[in-house]
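I ask you to look at the sequence and the structure together while I speak.

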Amino acid sequence: MRLSLLTLTAIATLFVAADAGAQTYDPRYPVCMHVYTPGGFTGGGGDYFDCSFTSLPQCRATASGRAASCDLNPYYAFDQPPAPAKRHKKVH
């Protein structure tokens, strides 16, 4: 009885525990390329995001000729002002 209860608990835990998806967008870069991959005969197609671009023209040049599109990164902090420059006191 104890073994079957442990077995059921282990099986339930496996069903409840889902794979955690990795973060799709890298918040350090303002532009992401959305790349579409074909499935072929076996299926398994999908897509992924490459957020390593600093401008739309840079991303579009890389995406040229591929099944891809470029978009602004929704997780990039566009509205944050730059950090203020540190001021050093002059010693006379």
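From the N terminus on, the elements of this chain follow the order α-β-β-α-β. That comes to two helices and three strands, where helices (H or I, at least four residues) and strands (E, at least two) are DSSP runs numbered from the N terminus. The model is a predicted one, so local features need pLDDT of at least 70 and side-chain atom pairs count only at pLDDT 80 or more, while totals for chains, interfaces and linings use all residues. Residues are numbered from 1 along each chain as its sequence is written, and side-chain values use heavy atoms, with hydrogens and water left out.

Let me turn to the strands. Two strands pair if DSSP finds at least two bridges between them. β1 and β2 run antiparallel and are joined by six bridges; β1 and β3 are also antiparallel, with five bridges. His34 has a bridge partner in β2, namely Phe49, and one in β3, namely Ser69. As for cover, five of the seven residues of β1 are buried, a term that means under 20% relative accessible area, with exposed over 50% and partly exposed in between (1.4 Å probe, protein chains only). Across the chain of 92 residues, buried ones make up 14%.

Rings of Phe, Tyr and Trp (its six-membered ring) pair if their centres lie within 6.5 Å; planes under 30 degrees apart count as stacked, over 60 as edge-to-face and the rest as tilted. How many aromatic pairs are there by this rule? The count is two.

In one of them, the ring centres of Tyr25 and Phe49 are 4.8 Å apart and the planes stand at 45°, so the pair is tilted. Tyr25 lies in the loop between α1 (2-16) and β1 (31-37), and Phe49 in strand β2 (residues 46-53), so the pair ties together parts that are 24 residues apart in sequence. Phe49 is partly exposed, at a relative accessible area of 27%.

Tyr25 also forms a tilted pair with Tyr75, at 5.3 Å centre to centre and 40° between the planes. Because Tyr75 lies in the segment after β3 (68-72) and Tyr25 in the loop between α1 and β1, this pair ties together parts that are 50 residues apart in sequence. Tyr75 is exposed, with a relative accessible area of 54%.
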